[in-house]
Amino acid sequence: MSAALLQILLNGAASGGVYALVALGYTLIFSVLGVINFAQGALFSLGGYFTFLLMGGRIGVNGALPGWHLPVALPFWMALLLAAIGAGVVALLVERVAFAPLRRRGADPLLSLITSLGAGVVLVNLLQILMGAEGYAFPSGSAALAGLPEALFIGGARIRTVQVVLLLISALAVAALTLWLERSRTGQAMRAVAEDPTAARLMGINSGAIVRLAFLLSGMLAGLGGGLTGLSVSLAGPYFGISFGLKGLAVLVLGGLGSVPGAIAGGLLMGLAEALIPSEASGWRDALAFAVLFAVLVLRPSGLLGRRLMEKV
Amino acid sequence: MPDNGLLVQMILGALLGLSVYLPMAAGQLSLATPAFYAVGGTLAALMATHADHQGTISLGAVLWEMVVAGALTAALAALVGLPVLRLRGIYLAIATIALVEIVRVAILNLPFTGGATGIFGIPQPFGQPLGYIGLSGGLLALAGWGCQRLEGSRLGRAMAAIRDDELATRCMGINTTRVKLTAFVASAALAGVTGVIAAHYLNTWNARQGSFDVAITTLAFVILGGSRSWLGPVIGGLLLTALPELLRPVGDLRLVLFGLVILLGPVFFPQGLITPELLERLGRWDLRRLKP
């Protein structure tokens, strides 16, 4: 394999891993509730900020909290884990405010799409007010991963250590989640609720608790993605999650709504497709995801690995 | 009392609200309005800056631009609408968001649209905001009249039927695809024409004018105002555009406010502020007052 091709594969896999994380977050909620949580992009931003703050990052001057920072500076691993939990807790809050009231009323699921959009807008703009609109320089990847080399050379291709870490952690998270869904009792319950909420309730499954668990986990996935990406690009800003959130949607549709393997395959494919775009045309890179999304929706709305859509009468 | 400049923006907001409302009246959650708004504005900016107008432009030329932009956005909507409107619910919403993003990136990267800075120095037909109030107000009156006529018409009733139950409507022998497409095309043309006025009024135009943010703000207009009658989005658009400006200290909180409206609106006011029942009650109240 030529070094150039290997390079593209590695770069693609690293960004594809993050897309898969975000898409899996959507997938979890979609499979239990049949709705999409549009606040996922904001949770991604939050993950980046939480990681930044927990690593001892200092807020710039143009936010409402100028110069503020936490008294502690945690190592990257711990900061990332706590940030993911933090984003998961905020996701629970979003469920409480944007989803639960409508679900209780039995409202059209499209309405919760709208309320979750609102939740995302509120979160992102509160972030901007508190922390300022400018980007934050993360402690650089090499400083955070002290003791590790800046980059690795594999078969003539150069890959940054941060990217390797990013790929490994996303792969680990995805594997753990899949295993948990397949094997554990709670995972089984979650799949049961996804299959048929009423039947699951009749079997004595607390569907409310399962829904909240799905939100917690999907928030954690988004937070993880945000923290990892923040470290990898050394920058976070209030809006940086939005494009990832939107691309995660594209990945979700590409893989097939509600399909876990689809989300993973879609993420990797999207990452590869982006890596294949030459740098001269990098401005068009953002359009690619949406062109793919558009084409998939028009040609095969069930996605690559999704089930055929059934018309509910 | 808002000043004239704010009034122009309020009317533009009301027009965009109507553009989001039209597909929604046929039960379709389309977030594509900013895409067509951006195309209309870009078209006006290109046409007006390429012809030599020396800083001013005749009203006739602007009206001509509006015709061109309306026709072009309508054609574009007809083209993308056929495949897109086969999709339902969440799928349609996602597809239209994709459309907005594709148009935004295209405007940002095409060689003739000025990149990130956009096109500036767009000549103005009026020296004062008052002229724009006349132009946009006239358009709003026309659009409102059209929507009012629509409500009782065959097409309007078909749209309402699709909104309640698309399958049943199709069973009644109504070509639901054509009805949905008509609403989508009308919505696009309205957004495109509004973009033309906005580009001249703002004097400058760039890719940010038609972003995901605009999709959210215009959606907020309809959610707050109510999507059950055309007056809802108009009132929603007027109010929500004016509110952040009137509450100066809220300036930075503008988008938070919009977000809260979208977040809490469906929870507390599932139908929006302006509901058909409210209008009916107002109507009865009026009659009682008029009768001796």
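Where in chain B does B:N203 lie? I looked this up first: B:N203 lies in the loop between α8 and α9 (212–225) of chain B. A caveat before going on: this is a predicted model.

**Entry 1**

I checked the backbone at B:N203 and got a positive phi of about 80°, although the residue is not a glycine. Most residues other than glycine have a negative phi, hence my note.

**Entry 1: salt bridges**

I ran the search over the whole structure and it came back with five salt bridges over all chains. I went through some of them by hand.

The pair B:E166 and B:R88 is one of my picks, with side chains meeting at 3.2 Å, N to O. B:E166 sits in helix α7 (residues 166–171) of chain B, while B:R88 sits in the loop between α3 (59–84) and α4 (89–109), so this pair ties together parts that are 78 residues apart in sequence. On accessibility, B:E166 is buried at 12%, whereas B:R88 is partly exposed at 35%.

B:E166 turned up again with B:K180, where the closest N and O atoms are 2.8 Å apart. That pair links distant parts of the chain as well, B:K180 being in helix α8 and B:E166 in helix α7, 14 residues apart. I found B:K180 to be buried, at 4% relative accessibility. Through shared partners, B:R88, B:E166 and B:K180 join into one network of salt bridges.

What is the N to O distance between B:E101 and B:R104? I got 3.0 Å for this salt bridge between their side chains. Both residues are in helix α4 of chain B, and they are three residues apart, so about one helical turn separates them. B:E101 counts as buried at 5%, and B:R104 is partly exposed at 22%.

**Entry 2: the A/B interface**

Next I turned to where the chains meet. I have 43 residues of chain A in contact with 41 residues of chain B. The area buried between the two chains is about 3700 Å², with carbon and sulfur atoms giving 83% of it.

How many salt bridges does the rule find across the interface of chain A and chain B? It finds zero. Polar contacts do occur there: I noted three residue pairs across the interface, with both residues at pLDDT 80 or more.

I then asked which elements supply the chain A side. Those that give two or more residues are α3 (76–105), α4 (109–131), α10 (240–255) and α12 (285–299) of chain A. The most comes from α4(A), with 13 residues. By type, the residues of this side divide into 35 nonpolar, five polar and three charged.

**Entry 3: the nonpolar core**

I looked up the largest nonpolar core and found 189 residues in it. The members that touch the most other members are A:I36, A:L113, B:L18, B:L29, B:F36 and B:L219. Helix α8 (residues 176–202) of chain B gives the largest share of this core, 15 residues.

I opened up B:L18 for a closer look. Not counting residues up to four places away in sequence, B:L18 touches B:L140, B:A143, B:G144, B:C147, B:L190, B:W230, B:P233 and B:V234.

Is A:S45 buried or exposed? I get 0% relative accessibility, so A:S45 counts as buried. This serine lies in helix α2 (residues 40–54) of chain A. With neighbours within four places in sequence left aside, A:S45 is in contact with A:L127 and also with A:G237, A:P238, A:Y239, A:F240, A:G241 and A:I242.

My last stop was A:L10, in helix α1 (residues 3–33) of chain A. A:L10 counts as buried because its relative accessibility is 16%, and the cut-off is 20%. Again leaving out neighbours within four places, I have A:L10 in contact with A:I154, A:A157 and A:I159. I also took one C-alpha distance: A:L10 and A:F244, 234 residues apart along the chain, are separated by 19 Å.

Definitions and conventions. Residues are numbered from 1 along each chain as its sequence is written. Chains are lettered from A and ligands numbered from 1 in the order in which they are written. This is a predicted model: local features need pLDDT of at least 70, side-chain atom pairs count only at pLDDT 80 or more; totals for chains, interfaces and linings use all residues. Side-chain values use heavy atoms; hydrogens and water are left out. Contact means heavy atoms within 4.5 Å. Buried area is the accessible area (1.4 Å probe) that two parts lose on being put together, summed over both. A salt bridge is a side-chain nitrogen of Lys or Arg within 4 Å of a carboxyl oxygen of Asp or Glu. A polar contact is a pair of N or O atoms within 3.5 Å; within protein, one must be able to donate a hydrogen and the other to accept it, and residues adjacent in sequence count only if both atoms are side-chain atoms. Helices (H or I, at least four residues) and strands (E, at least two) are DSSP runs, numbered from the N terminus. Ala, Val, Leu, Ile, Met, Phe, Trp, Tyr, Cys and Pro count as nonpolar, Asp, Glu, Lys and Arg as charged, and the others, Gly among them, as polar. Buried means under 20% relative accessible area, exposed over 50%, partly exposed in between (1.4 Å probe, protein chains only). A nonpolar core is a set of buried Ala, Val, Leu, Ile, Met, Phe, Trp, Tyr and Cys residues joined through side-chain atoms within 4.5 Å.
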